[in-house]
Amino acid sequence: MKKTCVLVTGAAGEIGHNLIERLKQPILALDIVKPDQTLPSHVDFRQGSVTDKEFIKSLGDEFSFSAIIHLAGVLSSGSEEDPFHAHDLNVNGSLNMLHLAHSQAQTENRSPVFVFASTIAVYSINPPFDKFSAGKINEEQFLNPVSMYGMNKLYVERLGQYFSTTIRTNTGSRVDFRALRFPGILSAETVPTTGTSDYGPLMLHAAAKGEAYSCFVPEDATLNFMVMPDAVEALVGISGADAAALTRRVYNVTSFSVTAAEIKSQVLKAFPQAEISFDPVSWRTNLISSWPMDTDDSAARSDWGWIPRFNREQSFQDYLVPGVRRKYGLGLDH
Ligand code: VAH
């Protein structure tokens with residue numbers, strides 16, 4: 001008898017680390033490295049890569065996955081630094097996970113929920129258009145990514161829709177694919193790697209550690225963000241949403257739009273001694289410049305009740321600053 005559980009890939013990554021703390025049902029956590037936290041008793045861990053077809057198939061022989069939350073991937077900057085590895089992990093790895101879900105839909109005659117962490121990097125606003133005049137964009141606009149990461153993520157979204165609606169099935173059951181297009185994410189507990197929006201969290205963590213930080217985008221770089229607790233709740237929300245209520249398979253979710261200079265001023269409020277400079281790196285700045293300044297998440301709000309808990313001020317005052325103070329053992333009045 002197979003054990004039934006939720007599979008979380010990328011479980012040792014930033015979102016994965018926080019998600020497995022939040023989920024209370026039996027979880028199989030999967031990553032190429034062991035999560036850095038003590039795993040709760042309801043979380044089993046398996047070490048391996050989503051690019052390893054035989055390994056992923058073997059998991060399907062042992063477990064029945066009620067849902068797969070697929071977070072494993074290389075983010076935007078890492079994908080530009082090694083586009084071949086990025087394509088393998090982001091695309092072939094995701095195809096292996098969709099194959100696993102499709103196989104279980106066929107053999108168990110049910111529709112496993114498949115939640116995919118996508119990104120606002122699927123959008124690309126380039127001349128003659130301007131991100132600021134484009135404003136809040138919806139899920140159908142500017143879908144012409146030019147980065148490896150954005151192209152990978154958009155293609156996997158399309159694969160997910162194919163597996164959910166078109167692929168031939170001998171039981172009438174197909175994968176129930178759902179994707180969230182995340183903005184930049186700011187976490188107090190974890191530090192990002194391989195992302196371009198990392199400048200936001202890195203600025204804050206450096207200040208809390210008393211380290212100088214040189215920001216690789218200019219002061220006026222504008223992007224939308226959300227804090228990690230809201231990102232985790234969005235994953236929980238879309239995973240549990242009633243399929244009949246969903247009018248689409250891919251949703252924007254966001255909280256606030258902010259410039260790098262505004263992040264700096266929020267950080268200086270909490271850490272007045274922080275040394276933050278700006279030394280833009282053109283290829284990373286170009287990525288941020290092509291992404292929207294904000295996205296329209298009204299479809300998520302109306303279909304499955306998405307609403308961020310933290311706005312910009314609350315994000316810093318109620319979560320980020322107290323959180324990094326706790327993480328680095330600083331007093332509340334440091
Ligand atoms: C990245 N954090 O920087 C991700 C995100 C919108 C950016 O997808 O690649």
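Q: What does the domain assignment of the protein chain give?
A: Domain 1 (3-184 + 227-252) and domain 2 (186-224 + 256-292 + 311-327), with bounds from an automatic or database domain assignment. This is a predicted model, where local features need pLDDT of at least 70, side-chain atom pairs count only at pLDDT 80 or more, and totals for chains, interfaces and linings use all residues. Residues are numbered from 1 along each chain as its sequence is written, and side-chain values use heavy atoms, leaving out hydrogens and water.
Q: What separates the centres of domain 1 and domain 2?
A: 25 Å, taken over C-alpha atoms. Their contact (heavy atoms within 4.5 Å) takes 25 residues from domain 1 and 26 residues from domain 2.
Q: OK, the ligand. Why does it lie between the domains?
A: Domain 1 and domain 2 both give residues to the shell around the ligand, so it lies between them.
Q: Which residues are around the ligand?
A: Leu75, Ser76, Thr119, Ile120, Tyr149, Pro183, Gly195, Thr196, Ser197 and Trp291, counting a residue if one of its heavy atoms lies within 4 Å.
Q: Which polar side-chain atom lies 2.8 Å from a ligand oxygen atom?
A: One from Tyr149. A backbone N or O atom of Thr196 is 2.7 Å from an oxygen atom of the ligand, and a side-chain N or O atom of Ser197 is 2.9 Å from a ligand nitrogen atom.

Note on methods
A polar contact is a pair of N or O atoms within 3.5 Å; within protein, one must be able to donate a hydrogen and the other to accept it, and residues adjacent in sequence count only if both atoms are side-chain atoms.
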